[in-house]
Amino acid sequence: MSKKVRVRFAPSPTGGLHIGGVRTALFNYLFAKKHGGDFILRIEDTDQTRYVEGAEDYIVNALNWCGIPFDEGVGKEGKFGPYRQSERKSLYKQYADELISKGKAYYAFDTSESLNNHRKEHETKGKTFIYNWHNRLRLDNSLALSKEETTAKLDAGDAYVIRFKTPQDEKLALKDLIRGNMEIDTNILDDKVLFKSDGMPTYHLANIVDDHLMEISHVIRGEEWLPSLALHQQLYDAFEWQAPEFAHLPLIMKPVGKGKLSKRDGDKLGFPVFPLSWNGSLGYKEEGYFPEAVVNFLALLGWNPGTEQEIFSLEELVQSFSLERVNKSGARFDIEKTKWYNQHYVQQTSDEQLANLFIPVLEEKKISADKLAATYVTKVVSLIKERAVFVADFWNLSDYFFVAPTSYGEKAVKKQWKEGTPEILNQLVSVIENISDFSSNNTETIVKQWITDNELSFGKVMPPLRLVIVGDMKGPHIFDIIAIIGKEETVARIKKAIASL
RNA sequence: GCUCCAUUAGCAUAGUGGCUAGUGCAUCCGACUUUCUAUCGGAAGACAAGGGUUCGAUUCCCUUAUGGAGUACCA
């Protein structure tokens, strides 16, 4: 109870962090902050063959972009460092030795080839090869060998691993904060390798040792670790350490089909799986998502507040979060919902801020300087943002505010451009030229008055007007548009259309 | 195969031993804007199956089915 909450996110630097990992980090972060605790980043790079250059920086950058920075970890050394397992290498051997001297672990000299053969053999018989109590005495290890034989092998420099000696006929009571209590029979467990022949610990050993040394209070990780919980619990018991609390998060599933979300799904289905771009796959950032939206949708993937609230700021998430409300079953990823979240955040962002994000896009399009003024862009944004999901949508929704249409929608022309249209628009031009107060409301009143006075139908005037101003049948209220582009430009566009259509 | 976990509409989920099972996304229909991919309003749509326990079960128990994870000197 009195123990300080310390949680860790412990990814392996084998590639870009995908959103499943980001969500695990997020839940750890939320839990830590909710309880005034620390959020630690530890790099689990015990498998040197899978190390990928740049992955570690990527993880740090991704966390920062999401706004969930760690308190302690690589580059932010606290008193529990180093935070990279490869730099802690010298630490682990003594713990493996301790287990051996306690009789909780043993040396094994079996080669991977012989083990693979055993597995294959069992498979052809429809069985599973398990290295444990029922066959360990028939295999090549210090339990089957005499003390002398074992030391001889060790002294000769034979390659060995250290395996955990899983006890026989015991029932393990396991506790998970999300799933409740479980019971496991040790007879079905195998003697997992704790220490590899390359001198590195496996995940299991390093994980337990580090969590203990770093005084981790709660282990919050993905469900793929649930089957390992039995081993981990036994390891804590074997060391006579107090185990942290465990919580296993449900997996994030593919949007369609079976199985958990993988890095490949993004490319295949056309949505980002990475927070930032990685190896040619665009990330949420590059696709134009706001980090707030990403955090928000990720939080609701496998967790819910128990109310109908769906929009949460990070602070609100910290307030509302609890492990008890995390779901037990997998959460299917829904890209439409993530877009919905982003659309929401676009609407919440002020017109000024959005204009600032939009101006660089316009500059790239070589828009003339007078239309790049913040006040002008802000006005445009206020009209069109309603239907935008991303800032990147702004250009398509608003190009006609910046450049006159160079072509007109084919279908729209066919439907709206009738024989009498040029004549009507010519008259409209003279009406417009006489308006002095070119505000949206005033222009609208005058034009509508003119239509009724001349017994013209709205359908013969309004749609063609929209067509010549916008270039297609789209956009916000037409009088709002012409008020912004101005009288001169409005007249010019009408004339241009009459001449060219 | 074995072990563990799960199962409310197309998807994500809320909720309850007993009143019309709530919400969001998607869908369909209407309204508005004499444009729309927007907005507003409305509609349709679910407790996996079978067996118990119970006066009564979507809710508790068992079985089956389906889905998921793990089963490496990977994490």
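The structure is a predicted model, in which local features need pLDDT of at least 70 and side-chain atom pairs count only at pLDDT 80 or more, while totals for chains, interfaces and linings use all residues. Residues are numbered from 1 along each chain as its sequence is written, chains are lettered from A and ligands numbered from 1 in the order in which they are written, and side-chain values use heavy atoms, with hydrogens and water left out. Helices (H or I, at least four residues) and strands (E, at least two) are DSSP runs numbered from the N terminus.

**Surface near RNA strand B**

- RNA strand B is surrounded by 50 residues, of which Thr 128, Asn 304, Arg 387, Phe 458 and Gly 475 are the closest; a residue is near a strand if one of its heavy atoms lies within 4 Å of it.
- Of the atoms of RNA strand B that come within 4 Å of the protein, 71% belong to sugar and phosphate.
- The residues of this surface divide into 24 charged, 15 nonpolar and 11 polar, where Ala, Val, Leu, Ile, Met, Phe, Trp, Tyr, Cys and Pro count as nonpolar, Asp, Glu, Lys and Arg as charged, and the others, Gly among them, as polar.
- At least two residues of the surface come from each of strand S5 (161-164), strand S7 (180-185), strand S12 (331-332), helix H11 (335-348) and H18.
- For Gly 475, a backbone N or O atom lies 2.3 Å from a base nitrogen of RNA strand B.

**Helix pairings**

- Two packed helices are described by the angle between their axes and the distance between the axes; the axes are lines fitted to C-alpha atoms, for helices over the stretch in contact, and angles run from 0 to 180 degrees between N-to-C directions.
- Helix H16 (residues 421-433) and helix H18 (residues 458-470) have axes that come within 10 Å and cross at roughly 85 degrees, and the two are therefore roughly perpendicular to each other; angles under 35 degrees count as roughly parallel, over 145 as roughly antiparallel, 65 to 115 as roughly perpendicular and the rest as oblique.
- In this pair, Thr 421, Ile 424, Leu 425 and Leu 428 of H16 make the contact with Lys 460, Val 461, Pro 464, Leu 465 and Val 468 of H18, contact meaning heavy atoms within 4.5 Å, and the residues are 7 nonpolar, 1 polar and 1 charged.
- Helix H13 (residues 374-384) and helix H19 (residues 478-485) pack at about 175 degrees with their axes 11 Å apart, and are therefore roughly antiparallel.
- Tyr 376, Lys 379, Val 380 and Leu 383 of H13 make that contact with Asp 480, Ile 484 and Ile 485 of H19, giving 5 nonpolar, no polar and 2 charged residues.
- The axes of helix H12 (residues 351-364) and helix H14 (residues 394-402) come within 12 Å and cross at roughly 75 degrees, with Leu 354, Phe 358 and Leu 362 of H12 meeting Phe 394, Trp 395, Ser 398 and Phe 402 of H14.

**Buried residues**

- Ile 40 sits in strand S2 (residues 38-41) and is buried at a relative accessible area of 0%, where buried means under 20%, exposed over 50% and partly exposed in between (1.4 Å probe, protein chains only).
- Beyond residues up to four places away in sequence, Ile 40 touches residues including Phe 9, Phe 70, Tyr 83 and Ile 216.
- Asn 132, in the loop between helix H4 (112-124) and helix H5 (147-155), is buried at 1%, and its side chain reaches the backbone oxygen of Leu 189 at 2.8 Å.
- Thr 202 lies in the loop between strand S8 (193-195) and helix H6 (203-213) and counts as buried at 11%; a polar atom of the side chain of Thr 202 lies 2.9 Å from the backbone oxygen of Val 193.
- Gln 233 belongs to helix H7 (residues 229-239), is buried at 17%, and touches Leu 174, Ala 243 and Phe 246, leaving out residues up to four places away in sequence.

Technical notes
Polar contact = N/O pair within 3.5 Å; in protein donor to acceptor, adjacent residues only side chain to side chain.
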